[in-house]
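Biologist: I want to learn how to read a ligand site. Where do we start?

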Amino acid sequence: MPDSFDQTLAHQIDQYIEQLFSQPDAALVQGLQDAQADGLPSINVSANEGKLLYLIAQMCGAKRILEIGTLGGFSGTWFARALPADGKLITLEVDPKHAQIARKNFDRAGVGNKTEIRIGHALDTLKAMVEHGEGPFDLFFIDADKDAYVEYLNLCVQLSHPGSVILADNLIRNGRVLQANSTEVKVLGAQAYNNALAAHPHLDSLILPIIRDYLDGLSISIVKREA
Ligand code: SAH
Ligand code: DHB
Ligand code: MG
C-alpha cells in the first residue's frame, strides 16, 4: 500500500488555497461550531470542496439541486448560495436531529427560503420522488451511506436530464479503494460506485482527488447529451 502522501505539505497547500479563495463566512463557521457542540460528526466537506461545489453549481447554471446527506447543512449552504433567487435545493437526511440543526444553519446563512430538507431513508425518499415525477434536477450530490451509492446513482439518473451533473463524495478513501481484497463496507461501496461510473453508458465521469486529513476524491459525472 503506497503511503508516501505528504500530509503536511498537502495540508499547507489546502490552507493556502482556502485562505485565498474559500474562507467560510461567519454563518458557515458558526454552523459548524453549533453542529459540533450538538454532537454531530465533523464529516462535512472541507471549505475548498464546498467552494468547488459552489462553483460547479454556477457553471451548471443549476436551478434545482438534489443533495443526499444533509448533516448540519455545510455543503448545502454552499450549494444554496450558488442558486438564483428562484432556485431550490432539496436535501435528504435520515436523522431528524441533523435535519433540525441544518434547518437552523440554513436560516442563519440566509438560504432558508431556497432549501427544503426531507427526512427519511434516502432510498425511500428518492423512490417516492421518481414515482411522483419530481425530476429533473440539474445537479446532484451523493454524500450519505456509502454502501448505497450505486442505488443512489441509478435513482439520480432517473431524476436527471441530458446535461445534468452528478457529484459523489469520498470515493478514494486515502487510497484504500486501490485494495483489491478490502472487506471495509465503505471501501466496497466506493469501489462499486467507481466501477459503475466507469462502465455507465449514459455518463461521462472523472474522480478529482480532494485533500482532507487524508486523500479522498469527488466524482464528477455528466449525463450525456446524445441518446
Ligand atoms: N453533505 C454533508 C455531509 C453529509 S454526512 C456536508 O458535507 O456538509 C452524511 C449524512 O448522511 C449524515 O448526516 C447521515 O445522517 C446521513 N445519512 C446516512 N445514511 C442515510 C440514509 N440512508 N438516508 C439519508 N441520509 C443518510
Ligand atoms: C465520512 C463520511 C463523509 O461523507 C465524509 O465526507 C467523511 C467521512 C464517514 O462516514 O466517516
Ligand atoms: Mg462526504
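Modeller: With a definition. A polar contact is a pair of N or O atoms within 3.5 Å; within protein, one must be able to donate a hydrogen and the other to accept it, and residues adjacent in sequence count only if both atoms are side-chain atoms. Here, a polar side-chain atom of Ser75 lies 2.8 Å from a nitrogen atom of ligand 1. A polar side-chain atom of His98 lies 2.8 Å from an oxygen atom of ligand 1. Gly69 uses its backbone: an N or O atom there lies 2.8 Å from a nitrogen atom of ligand 1.

Modeller: A caveat on the source. This is a predicted model, where local features need pLDDT of at least 70, side-chain atom pairs count only at pLDDT 80 or more, and totals for chains, interfaces and linings use all residues. Side-chain values use heavy atoms, without hydrogens and water.

Biologist: Which residues around ligand 1 come nearest?

Modeller: Near means that a heavy atom of the residue lies within 4 Å of the molecule. Of the 20 residues around ligand 1, the nearest are Gly69, Ser75, Glu93, His98 and Asp143. By class, that shell has nine nonpolar, seven polar and four charged residues. Ala, Val, Leu, Ile, Met, Phe, Trp, Tyr, Cys and Pro count as nonpolar, Asp, Glu, Lys and Arg as charged, and the others, Gly among them, as polar.

Biologist: How is a pocket found?

Modeller: Rolling a probe the size of a water molecule over the atoms shows where empty space is left. On a 1 Å grid over the protein atoms alone, a pocket is an open set of points where a 1.4 Å probe fits, with protein on both sides within 12 Å along at least five of seven lines; lining residues have an atom within 4 Å of a point. Of the 48 residues that line the largest pocket, Ser42, Ile43, Asn44, Leu71 and Arg212 are the closest to its centre. The lining divides into 20 nonpolar, 18 polar and 10 charged residues.

Biologist: Where does ligand 2 sit?

Modeller: In the largest pocket.

Biologist: Which residues surround ligand 2?

Modeller: Ile43, Asp143, Lys146, Asp169, Asn170, Lys186, Arg212 and Tyr214. By class, this shell has two nonpolar, one polar and five charged residues. A polar side-chain atom of Asp169 lies 3.1 Å from an oxygen atom of ligand 2. Arg212 also places a polar side-chain atom 3.1 Å from an oxygen atom of ligand 2.

Methods:
Residues are numbered from 1 along each chain as its sequence is written. Chains are lettered from A and ligands numbered from 1 in the order in which they are written. A molecule sits in a cavity or pocket if more than half of its atoms lie within 2 Å of its grid points.
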